[in-house]
Amino acid sequence: MTRGPLSAAELTVWRTLLRAEAQISRQLQADLLARHDLPLGSYEVLTHLGEAPGGRLRMNDLADRVLLSRSGLTRLVDRMQRDGLVIRRPCPYDARGMYAALTSAGRDRLAEATPTYRQGVRDHVLSRLDEPDLRALGAILDKLADEEIPA
């Protein structure tokens, strides 16, 4: 359904959404770097691996979850592997596939950084919204997240 060019009000909403996301990400990144020397992207990788069965995910699946390109994730995992937070393992049923797996050091780092991350979410987002705001934002975000993006 196309409705013609975006109105000034629509563009303002879109740009505000982008600005809010960038600001929140910068604040969370600053919190994690200051307290744990851990970039936000690395924290997201650790979180997804920590939630996965066996603490591992195929690299393609991990890239989809952290919203990075395959090459961007490869570079990030390279750095994290050098830091001892993750390791790569070959996929037993796909010779070309690789897993990223959480190390014990990665699990420890995740446990240390999670309270900082959660407090940042509370401080930079949730504390600024009342209950009706949270319900409305949740409903709006559900609508936006439900749409399938064509390949």
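A crossing of two helices is right-handed if the near helix is turned clockwise from the far one by less than a right angle, and left-handed if anticlockwise. Helices (H or I, at least four residues) and strands (E, at least two) are DSSP runs, numbered from the N terminus.

The model is predicted: local features need pLDDT of at least 70, side-chain atom pairs count only at pLDDT 80 or more, and totals for chains, interfaces and linings use all residues. Residues are numbered from 1 along each chain as its sequence is written, and side-chain values use heavy atoms, leaving out hydrogens and water.

**Exercise 1.** Describe the crossing of helix 1 and helix 5.

*Solution.*
- Step 1: The axes of helix 1 (residues 8–36) and helix 5 (residues 104–124) come within 9 Å and cross at roughly 145 degrees. Axes are lines fitted to C-alpha atoms, for helices over the stretch in contact, with angles from 0 to 180 degrees between N-to-C directions.
- Step 2: This crossing of helix 1 and helix 5 is right-handed.

**Exercise 2.** Find the salt bridge of Arg35 and say whether each partner is buried or exposed.

*Solution.*
- Step 1: A salt bridge needs a side-chain nitrogen of Lys or Arg within 4 Å of a carboxyl oxygen of Asp or Glu. Arg35 pairs with Asp31 at 3.8 Å, N to O.
- Step 2: Arg35 and Asp31 are separated by about one helical turn because they are four residues apart in helix 1.
- Step 3: Buried means under 20% relative accessible area, exposed over 50%, and partly exposed in between (1.4 Å probe, protein chains only). Arg35, at 54%, is exposed, and Asp31, at 16%, is buried.
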